[in-house]
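Hello,

Here is the structure we talked about. Please open it first, then read the notes below.

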Amino acid sequence: MAYKAGDVQMSYQYAPLLPEDDPAYLEYEAFEQQFGNEGNLMVIGVTDSNFFKLNHFKHWTNFSKKITEINGVTSVLSATEAYNLIKNKDEKQFEIEQVFNSDFNSQYELDSLKSIFFDLPFYESTLYNKKTNTYLMAITLTPEILQSPERVELIKNIKEAGEEYSVKSKNELHYSGLPYIRVTTAEMIKKELNMFIFLALGVTAVIMFLFFRSFKVVMFSMLVVGIAVIWALGTQALFGYKITILTGMIPPLIIVIGIPNSVFLLNKYHQEYRKHGNKIKALQRVICKIGNATFLTNLTTASGFATFIFTSSKILVEFGIIAAINIIGVFVLSLLLIPIIFSFLSEPKERHLNHLENKAVNKIVDKLVHISLNHRTKVYIIGGVMLLIGFVGISMIKTTGFMLDDIPHEDPLYIDLKYFEENFDGLMPLEVMIDTQKPNGVLKSSNLKKMDKFHEELSSHPEISKAISLSEVVKFARQGFYNGNKKYYDIPSNQERNFLLSYVANSKGDQSKIISTFIDSAKTKTRLSFRLKDVGTTKMTELYDHVVKSLSEIFPNDKYYTSVTGASVLFFKGTKYLIHNLFVSLFLAIILIASFMAWMFSSKRMVLVSLIPNLIPLIMTAALMGYFSIPIKPSTILVFSIAFGISVDDTIHYLAKYRQELSETNWSIKAAVVLALKETGVSMMYTSIILFFGFGIFGFSEFGGTVALGVLVAVTLLIALFSNLILLPSILLTLEKLITNKSFKEPLLQIYNEDEDIELEELKIEKKSKDQK
């Protein structure tokens, strides 16, 4: 597994949230096949009031040339590369001429060229914002490089060239675009993966030492989870999955979830050893008495993750598969290695057993017993009030998601995105494809006018940028036909269209390449490429509906086939799809875990009772999200399935011990409740503290979603601890024989009975007479 773990790779591609058979995903695939990938554009922006001063402009020109020379850069477009269409009357064709040729050497020449550039509306709000003196460089990157490990070096080289420009010009550069965002976030994930593994090991090791006061306990518990982490990375490589923002959390999650196994096993080992002082017998009882319960706790935790497999989202399916397999794996490792290792070690010394008599912990447990026995009415009243507060909080929850929602607002990645939104109305691709269903249909004047009308309708919205489209190119060509006169930048009439088409038809080289990026070979389909602000899924739903409505009004569905796609559409539809499916997975997790508990306890009533203390924490967590304005989004909805799968572990351990005590106390429910609480309460508190701080480490993440996941799961588990220690015993005492029936006494899954222990000291060899031989 360690050998295979070395093959695991980082994912630098945007994982689609939609399943591959979803109509929106199929539309996007069809668009990519026709017009190519729209997600390989990186942009660099600068705000410079002296941009057209000779020295400043030359710095920018040299910077652009350096970017062009970098391996992996396909093309560069900025003010220095802006071209003009020049009418050649003799050849009856358009010639492309660079506006800023390299021949000028004076400020006067540059100023005259600048006026020509500003007279070309095609570039306005695309390459520059005159109001804010902001200029943009659009860099097209090679798709093959972006899908290889060389992408990191490519982005690094571009940034190094940018830093050199900044030193010379004293201007700050801003970087963005989907490739840049994806590579940068992937590197952040890579850095966090290592940090969280060491943090998880460090935090859990310190807490375990404080509890057990034994370096052996800590060292061998760390060994078990360390092997489990190697297994997790090896499993990921065997399945061919790459490390994403979710699968990157699995190694620290395995540590945090795996350590409680060791705590329960070792706590029971110490309790048993204290009773009779027989090490091997104590280890045997550890396996027999809590092996089944520990298996079920790990099975329920794994089930919480496994339900993500049913979301049909690639990133979540991979996360669910790897997490579920390795949670069962860490259980197997714990149940095998802990007893084996400690069978070879010396017996625990008295100081190692002192944690069983921890006065502070035992005092808390005694207080909890007192509350359950004497103040159940207050417990129910407080529980009812908490539920009421919870439902109010839930009503305040909002559902939304932003493409950079998980990035801190003070991070350069977020700041730079907002910079481009303020100056160029956003960067998130929105692609509109129009199929006229007739050869040469896109070049008809009526269709060009419709495109222009649609373009004006959309670009009037502050959240939507000006489009790069065929209609804009045709307007640019008309301006060129009239010798660059700005007032002719408009859709040509039918007569003008014929002249223009003859000029375009005679044009060769780059001119035809430009046209081919907007239309197909049969000239039946065309695209309009808009850019959006990262407005969130709620606002995006409104915008999308408006775009579709405007499109169907201008291009009726009975005459045209149209589609609205792009990364922004995939994201917002994927987020909505995912939230819906994650709610389904949470419901599935509850049903699945309830089924496992019914199988273990053979009592439907007991299953219902055990679910109550574990649903209340979920309600309270949802309420906290409402009160603190934490929206429902993919990263936060994960909390519920994960937390429910883990929190129910305490319930299983408690009820398993409760059932054992019932048979030993002659079916005395009160005595069984108290004894079970006193024995499992300590382990439950230990494991919950480890889980609380273990998940709390995710609060140090640079990603808001990871922070929310860690903090919310930690809070949920803390509430679940007190719910299981107070509410569950109270319910058992109140309902008594109504829920503790005969089937509960004789379960399908047998838990080891101490009365059946064979005392080795009492074994005698029975001698038989000759007649009995």
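Four strands make an open sheet, ordered 9-10-8-11, with antiparallel pairing. Strand 9 (468–469) and strand 11 (561–565) are the edge strands, each pairing on one side only. Strands (E, at least two residues) and helices (H or I, at least four) are DSSP runs, numbered from the N terminus. Two strands pair if DSSP finds at least two bridges between them. Strand 9 pairs with strand 10 (residues 525–532) over two bridges, in the antiparallel sense. S469 sits opposite L528 of strand 10.

This is a predicted model: local features need pLDDT of at least 70, side-chain atom pairs count only at pLDDT 80 or more, and totals for chains, interfaces and linings use all residues. Residues are numbered from 1 along each chain as its sequence is written, and side-chain values use heavy atoms, without hydrogens or water.

**The cavities**

There are six cavities of 30 Å³ or more. A cavity is a set of points, on a 1 Å grid over the protein atoms alone, where a 1.4 Å probe fits but cannot get out; lining residues have an atom within 4 Å of a point.

Helix 9 (250–276), helix 10 (279–306), helix 23 (634–664), helix 24 (669–696) and helix 25 (704–735) each supply at least two lining residues. Helix 23 gives the most, with five.

Best wishes

Notes
1 Å grid on protein atoms, 1.4 Å probe; cavity = no way out; pocket = protein on both sides within 12 Å on 5 of 7 lines; lining within 4 Å. Points joined across faces, edges and corners; volume = space filled by probe spheres on them.
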